[in-house]
Amino acid sequence: MARHPLPPAPASGGWHDGDPAAFRSFADIGPLRLENGDTLPSVRIAYETWGRLDEAKSNAVLVLHALTGDAHVLGPTAPGQDTPGWWEAVVGPGKAIDTEHCFVVAANVLGGCQGSTGPSSPSPDGAPWGSRFPVVSTRDQVRAEARLADLLGVGAWSLVIGASLGGQRAIEWAVSRPDRVERLVVVASGARTTAEQAAWTHTQIRAIELDPNWRGGDYHALPVGPTGGLALARQIAHTTYRSPAELDERFGRIPQNDEDPLRGGRLAVESYLDHHGEKLARRFDAGSYVALCRTMLSHDIGRDRGGQSEALRRVRARTLVVAVDSDRLFHPDQAWQMAEGIDGALYREIHSAHGHDGFLIECDQLAALLGEFLNERAPSRRPALART
């Protein structure tokens, strides 16, 4: 990934080059007053960019990641970055979001643990925030991202695209800052958290909180953190990310190797979930997981705006809403209702056996839908929204 010189820093903030091998940069955006009245006295946002902002500042694209994602949308693993780009089939040179023509920005979410201010970050007294880290909402996260956009010289985004938790931030961008979003793509997400989504989220939070190493969230200086609780939370989440049919077809009643469930052994599906739980626990912070889950619990674009329908009427961006037809976490009906509420929005479905994770797996389908939308081969207005 090419690194390009940053513009001069304005008086209100400063630029901080990240580890060059990790292709990560940092921006201090100053204090941030939160929706609930709390204040973070100093906020840092980690981000990556690809391409160049054109002279008209008209080619900027904001990519928003999911719950345990990060700013590393494309590129190899490197020191300080132990995972490859998570959307390389969609973003990159010659891809649906073409970095040869677009200035693509991806920021690690406020509350995260990949360089942005979160529970593991130093507080003003030098110790990690831990249990003192306040609840941050989707609106707070978007406010932080808007500060970053200001520092980057981006007045309006040509495109804002997000999936899952990132889709919640994408729709909030279009509702709260309609003059700064020209085109909007929301993938496998919703305008507000449903009761079922809140129930799944609650169980994940509790799995971490019940780990004896959680210590109320103040474990960062200790040799062992709540990795068991975090792994269990991920297992709960991962079950919702895949479809029942896929799990049954892949695993059925197959035991794990020579293990016998009648003698306390595991089924293959149990081993599969153990693997994904342990994998996340090696790279993610439990405090950030809890913080971002609490963000999901509070997500509702209609709060104090007259409800969801009134809020969606604020959107002026040309909009594409994409659902995964087998998604049991963000059901297609939820995406359909969001699209119905946005004037002129297009609705499309990805066909997948994989469930919610289809937005990461069925990249050929998603790229084709983005190509249709971004190249305006799809009609911008239709008499009635068609479900396809």
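## A walk through the chain, from core to surface

Let's begin inside: the largest nonpolar core has 52 residues, and Trp157, Ile171, Trp173 and Leu184 touch the most other members. A nonpolar core here is a set of buried Ala, Val, Leu, Ile, Met, Phe, Trp, Tyr and Cys residues joined through side-chain atoms within 4.5 Å. Buried means under 20% relative accessible area, exposed means over 50%, and partly exposed covers what lies in between (1.4 Å probe, protein chains only). Helix H1 (residues 138–152) supplies the largest share of this core, with seven residues. Apart from this core lies another one of 32 residues, among them Ala71, Ala106, Leu346 and Leu369. In soluble globular proteins, nonpolar side chains tend to be buried together.

Before going on, a word on the model. It is a predicted one, in which local features need pLDDT of at least 70 and side-chain atom pairs count only at pLDDT 80 or more, while totals for chains, interfaces and linings use all residues. Residues are numbered from 1 along each chain as its sequence is written, and side-chain values use heavy atoms, with hydrogens and water left out.

Leaving aside residues up to four places away in sequence, Trp173 touches Leu62, Leu64, Val142, Glu145, Ala146, Ala149, Trp157, Val160, Pro178, Arg180 and Val181; contact means heavy atoms within 4.5 Å.

Now step back to the whole chain. Its secondary structure comes to 11 helices and 11 strands, where helices (H or I, at least four residues) and strands (E, at least two) are DSSP runs numbered from the N terminus. The C-alpha trace spans about 65 × 55 × 45 Å along its principal axes. A compact globule of 388 residues would have a radius of gyration near 21 Å, and the chain agrees with its 21 Å. That radius is taken over C-alpha atoms, and the globule rule is 2.2 Å times the number of residues to the power 0.38. Of the 388 residues, 57% count as buried. Among contacts between residues at least 6 apart in sequence, 69% join residues at least 24 apart. The accessible surface comes to about 16,200 Å², with 51% of it belonging to carbon and sulfur atoms; such areas come from the Shrake-Rupley method with a 1.4 Å probe, and for residues only the protein chains shown count as cover.

Charged pairs come next. Side chains of opposite charge can pair when their charged atoms come close. A search of the whole structure finds 19 salt bridges, each being a side-chain nitrogen of Lys or Arg within 4 Å of a carboxyl oxygen of Asp or Glu. In one of them, Glu172 pairs with Arg139, the closest N and O atoms being 3.9 Å apart. Glu172 lies in helix H2 (residues 165–176) and Arg139 in helix H1, so this pair ties together parts that are 33 residues apart in sequence. Glu172 is buried at a relative accessible area of 2%, and Arg139 counts as buried at 12%.

Glu145, one of the contacts of Trp173, forms a salt bridge with Arg169, with 2.8 Å between the closest N and O atoms. Because Glu145 sits in helix H1 and Arg169 in helix H2, the pair ties together parts 24 residues apart in sequence. Both Glu145 and Arg169 are buried. For a contrast in setting, take Asp260 and Arg263, whose side chains meet in a salt bridge at 2.6 Å, N to O. Asp260 is partly exposed at 26% relative accessibility, and Arg263 is exposed at 72%. Salt bridges that share partners also join Glu35, Arg139, Glu172, Arg303 and Arg305 into one network.

The buried residues of H11 include Leu366, Leu369, Leu370 and Phe373. Strands E6 (97–98), E8 (159–163), E9 (183–187), E10 (318–324) and E11 (346–350), along with helix H10 (358–361), are what the buried residues of H11 pack against.

Finally, the backbone. Most residues other than glycine have a negative phi, and most peptide bonds are trans. Ser164, in the loop between E8 and H2, has a positive phi near 60° and is buried at 8% relative accessible area. Lys57, with a positive phi of about 55°, is partly exposed at 45%.
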